[in-house]
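Hi,

Here is the structure I promised to pass on.

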Amino acid sequence: MSYQSTLTPDHHRSIRPDEGMDTVWALVVAWCPEEPERLGEILSIPPGDPGAARQFGRGVGAPGERPSRVMLSRQRPGRLDMAAPLRLRRISRSQLALRSFTDRLEIASTGRCPMTINGRAQESGALRSGDVVELVGQIMFLCERRPAWIEQLDTVELHPFGSPDTHGLVGETAPIWELRRQLRFLGPRDAHVLIRGESGVGKELAARALHALSEKADGPLVSRNAATLPEGLIDAELFGNLANYPNPGMPERPGLIGAAAGGTLMLDEFAELPEGLQAHLLRVLDAGEYQRLGDVEVLRADFRLLAATNRAESVIKHDVLARMPLRLALPDLNARRADIPLLANHLLRRIAQEDPEIARRFFPDDPKVSAPRISARLVRQLLGRTWRSHVRELESLLWDAMSRSSGDQIEPLSATRVLNQAHSAPQHAPDTAAPPAPAITDFTPYIGAPPDSIPGPVLQACLDANNGVQEKVWRLLGFKSRFVLRRLIKKHTLIIRRSPDAG
């Protein structure tokens, strides 16, 4: 299968796969400190002939280059726009060779920049979903299987790539675009909505979007955690009360429903309400009619209920559930890992705009226009994590990393935070701060470290792992030049060994 292309008005190439191509292997840019605007761009590898080689590197390549070349692109609904050529000078024009198979994506480093796969130096390997590839110090990719084409969403506006949309949602993966489509459809509907999603995925953000998209957008949005409603006072909290009722001295209150009249009432943790208390809502959900405590007058409120929960629908009273005909399910971070770097940047920018010290330390320029300085290891740790409280957990981890960072770069997580909730897949070993033992095969803890702090045995193992090729070693470890490595070889009296097959 081949790609068909036409020119778009902005002179980028808009590429659409042939019919029948449902999913493709993709390498998604997760970290690129010199060109941070590339976060979320993809190397989309169409199947083609099984095992057919494709090349990737800096620039656009030579005319008629073989094997065929793949370029970074930006995938959005109804379009796949070719991005500008990569400008990173330490990456060769022919840096990676890629071969796509049904069950894997094979990769080989053919250029001068060293490559790691899941933190381990390798010259080639077979990638599967969730694997992380880094061209050391230059660019990092997350490997995933993703839709070849996101269908055009006529009701969704395209915001600047990688930025928050008008409702604050961040992400460029298919699940977040599907969420935007659902919000656009459900927002203008007048029926009550059940919002489901795990803790920390952004249910309140979705509720705000639904309110903003509704005909009641000019009315109030009243939010309350239903689990905090006192069981003995729930009617007073929901429906309000007259003065001095039920107890002397009680002020007159409109209640949550009265306050939300003409707008939206969002009740978070709705399923925590006991069924008997849920039943108190039946009449007002049906006709908007209710009575304040102590009042004989029947009031009417035109409002919309958004009930949010992280529990199963079965715990909600069946006749209450029947009065919420619209459903909205929110994807979690485990379902859209490629959005994690974009979310991390967004959260750090938001923090920096309120905290001048954070902005001064970790941003090279104004946080509104620049990206934070964040270590490659931290990004890899975040990509390999199993998320439990999602965006809320991500923000907590970023604060932990910033609190441990002594320089102007946000350093990796503490070993304790990594080991507590590391990704369980076997190909993603926990990324700890301690070097592995007894054999030294993972040099990631030493990448970017002060050269004189790296033990001699580690340098020797790195030389041996790279067949004594010094250029690969000093580039892998992030030294400024080859002379730094030569000095260390002399200092530690290291041996340059080359295998017979090295040539």
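Before the details, one term: a polar contact here is a pair of N or O atoms within 3.5 Å, where one must be able to donate a hydrogen and the other to accept it. Please also keep in mind that this is a predicted model.

I'd start with D131, in the loop that runs between β13 (124-127) and β14 (132-135). This residue is buried but has no salt bridge. The nearest side chain of opposite charge belongs to R128, 5.9 Å away. What does the side chain of D131 reach instead? It gets to the backbone nitrogen of R128, at 2.8 Å. There is also a polar contact of 2.9 Å between the side chains of D131 and N118.

Now the salt bridges. How many does a search of the whole structure find? The count is 34, and a few are worth a look on screen.

- E172 and R76: their side chains meet at 3.0 Å, N to O. E172 sits in the loop between β15 (139-147) and α1 (174-186), and R76 is in strand β7 (residues 73-76), so this pair ties together parts that are 96 residues apart in sequence. Both E172 and R76 are buried.
- R146 and E144: the closest N and O atoms of this salt bridge are 2.8 Å apart. Both of these residues are buried as well.
- R373 and D408: this salt bridge comes in at 3.7 Å, N to O. R373 is in the loop between α9 (356-362) and α10 (376-383), while D408 is in the loop between α11 and α12 (415-420), so the pair links parts 35 residues apart in sequence. R373 counts as partly exposed, at 26% relative accessibility, and D408 is partly exposed too, at 45%.
- There's a network as well: salt bridges with shared partners join E35, E37, R38, E41, R74 and R87.

Last, a pair of helices. α8 (residues 340-354) packs against α11 (residues 390-404) at an angle of about 65°, and their axes are 10 Å apart. The crossing of α8 past α11 is right-handed. Which residues meet there? From α8 they are I340, L343, A344, L347, L348, R350 and I351. On the α11 side, you'll find V391, L394, E395, L398, W399 and M402.

Cheers

Terms used: Residues numbered from 1 in each chain as written. Predicted model: local features only at pLDDT ≥ 70, side-chain atom pairs only at ≥ 80, totals over all residues. Heavy atoms only, no water. Helix = DSSP H or I, 4+ residues; strand = E, 2+ residues; numbered from the N terminus. Buried < 20%, exposed > 50% of the residue type's maximum accessible area, 1.4 Å probe, protein only. Lys, Arg positive; Asp, Glu negative; His and termini not counted. Salt bridge = Lys/Arg side-chain N within 4 Å of Asp/Glu carboxyl O. Axes fitted to C-alpha atoms, helices over the stretch in contact; angles between N-to-C directions. Left-handed = near helix turned anticlockwise from the far one by under 90°. Contact = heavy atoms within 4.5 Å.
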